[in-house]
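Keep the structure open as you read.

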Amino acid sequence: MTATALLLDGKALSKQMEADLKIRVARIIEKTGVVPVLATILVGNDPSSEVYVKMKGNACERVGMTSVKVHLPEETTTEELLAAIDKLNNDDRICGILLQHPVPHQIDERACFDKIAIDKDVDGVTCLGFGRMSMNEPAYGSATPAGIMELLKHYKLPIAGKHAVVVGRSPILGKPVAMMLLNENATVTICHSRTSNLPELIKQADIIVGAVGKPEFIKAEWIKDNAVVVDAGYHTGGIGDIELGPLKDRAAAYTPVPGGVGPMTIATLIAQTVASAEKKIAS
Ligand SMILES: Nc1nc2c(c(=O)[nH]1)N[C@@H](CN(C=O)c1ccc(C(=O)N[C@@H](CCC(=O)O)C(=O)O)cc1)CN2
């Protein structure tokens, strides 16, 4: 029997989140007279990265915050980027720092992510933040995984006791989403490029997360009926990492591309920046 799968509408939820964030930002400004600031760092001229950073700046404006944009040339060295991050760490006006991934190949991205002060790591990219989150200690989660968890929570989809299969193990997506699902008591399998029996493992998934970065790499026929399908991919032509078409009438729920995980990434970054600003005034 087929039924229409529940559409996990990240675009609509991100709008709701923004409405709430706008009120919280107005309260911060009323109390302190200071507008919260997110610093965005873009290194080089990757057109997609330019678009994502612009979208983040626009989201800041929509909720009444500002963003300081640091745009560094393609030839920037690790040392130069570390110095730029250090300057933002020491700037009292800045509540959060976003370093757009990927950075040019000559840069040690890990060293630069880890230079971000923990209280300004609103994009959840530092090893310290990841470790704390994994241990269920307070930390800002990596933006896309935290956005996915918020979406599952909003639609009251059960996680505890479910078998979640994550395809991808990147530091800002696959690994953190696996730890977040584990913290919610899912049984988690992490698959990657060296996994030999991928279709077989995916067949077991109650929750499948596509985080592999390859267009429609995960085939609909590998996914069992009534699974919750989360597609964290975004590729030209409006497709993700999962072949979503055939699943729309046999999954329990699915995130569309576009309009699913992507908008939640941005809303989560902004929500965590607002939380950082609130923490600052409470301390
Ligand atoms: N430091 C980071 N770098 C990167 C992250 C991240 O979370 N932190 N994520 C991705 C890219 N990304 C944000 O940076 C991102 C990608 C896609 C979307 C999005 O909303 N996409 C739309 C469709 C695109 C469009 O309208 O043009 C959608 O899915 O509806 C948001 C953020 C890599 N780098």
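Which domains does the domain assignment of the chain give? The assignment gives domain 1 (33-131) and domain 2 (142-262); such bounds come from an automatic or database domain assignment. This is a predicted model, in which local features need pLDDT of at least 70, side-chain atom pairs count only at pLDDT 80 or more, and totals for chains, interfaces and linings use all residues. Residues are numbered from 1 along each chain as its sequence is written.

Start with the two domains. Their C-alpha centres lie 27 Å apart. Contact between them involves 5 residues of domain 1 and 5 residues of domain 2. Two residues are in contact if their C-beta atoms, placed from the backbone, lie within 7 Å. On the domain 1 side, the touching residues are 2 nonpolar, 2 polar and 1 charged. Here Ala, Val, Leu, Ile, Met, Phe, Trp, Tyr, Cys and Pro count as nonpolar, Asp, Glu, Lys and Arg as charged, and the others, Gly among them, as polar.

Helices (H or I, at least four residues) and strands (E, at least two) are DSSP runs, numbered from the N terminus. The unreviewed entry also puts "domain: Tetrahydrofolate dehydrogenase/cyclohydrolase NAD(P)-binding" at residues 142-280. Residues 142-280 are 35% helix and 14% strand, and the end C-alpha atoms are 20 Å apart. UniProt positions follow the numbering used here, feature names are shortened, and annotations may be inferred rather than shown by experiment.

Now turn to the ligand. The shell around the ligand draws at least three residues from each of domain 1 and domain 2. Of its 19 residues, Tyr52, His101, Ala143, Pro258 and Gly262 come nearest; a residue is near if its C-beta atom, placed from the backbone, lies within 6 Å. By class, the shell has 12 nonpolar, 6 polar and 1 charged residues. At least two residues come from each of α2 (47-63), β4 (94-99), α6 (143-154) and α9 (261-282). The most come from α9, with 4 residues.

Finally, look at how α6 meets α9. Their axes come within 8 Å and cross at roughly 105°. Axes are lines fitted to C-alpha atoms, for helices over the stretch in contact, and angles run from 0 to 180 degrees between N-to-C directions. That makes α6 roughly perpendicular to α9, a label for angles of 65 to 115 degrees. Ala143 and Ile148 are among the α6 residues in this contact, and Val261 and Leu269 are among those of α9. The contact has 8 nonpolar, 4 polar and 1 charged residues.

How values were computed:
Angles under 35 degrees count as roughly parallel, over 145 as roughly antiparallel, 65 to 115 as roughly perpendicular and the rest as oblique.
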